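Subject: Structure handover

Hello,

Here is the structure for your files. My notes follow below it.

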Amino acid sequence: MNMINVVSPSRLHLTLIDLNAEIGRVDGGVGITLESPSWKFRQLKRILLRL
């Protein structure tokens, strides 16, 4: 069978907010990628025939 497999790691995004802009930056963020848990998708390939 022809299968399409996609594996994607999880990601956490932490928002850092300086509401009164004391350090000169209003907002910012940090992203962290996690190996586990992950998303796994599997789909059969389809061939579309038009006559």
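Is Val-30 buried, partly exposed or exposed? Val-30 counts as partly exposed, because its relative accessibility is 39%. The cut-offs: buried is under 20% relative accessible area, exposed is over 50%, and partly exposed lies in between (1.4 Å probe, protein chains only).

Before the rest, the basis. This is a predicted model, where local features need pLDDT of at least 70, side-chain atom pairs count only at pLDDT 80 or more, and totals for chains, interfaces and linings use all residues. Residues are numbered from 1 along each chain as its sequence is written, and side-chain values use heavy atoms, with hydrogens and water left out.

Val-30 sits in strand E2 (strands are DSSP runs of E, at least two residues, numbered from the N terminus). Beyond four places in sequence, Val-30 touches Leu-12, His-13, Leu-14 and Leu-16 (contact: heavy atoms within 4.5 Å). Asn-5 is 25 residues from Val-30 along the chain, and their C-alpha atoms are separated by 29 Å.

Leu-16 belongs to strand E1. Leu-16 counts as partly exposed, at 49% relative accessibility.

Now the aromatics. There is one aromatic pair in the structure. Trp-39 and Phe-41 make up this pair and are stacked, at 6.2 Å centre to centre with 5° between the planes. Rings of Phe, Tyr and Trp (its six-membered ring) pair if their centres lie within 6.5 Å; planes under 30 degrees apart count as stacked, over 60 as edge-to-face and the rest as tilted. Trp-39 is exposed, with 55% relative accessible area.

Best wishes

Definitions and conventions:
Helices (H or I, at least four residues) and strands (E, at least two) are DSSP runs, numbered from the N terminus.
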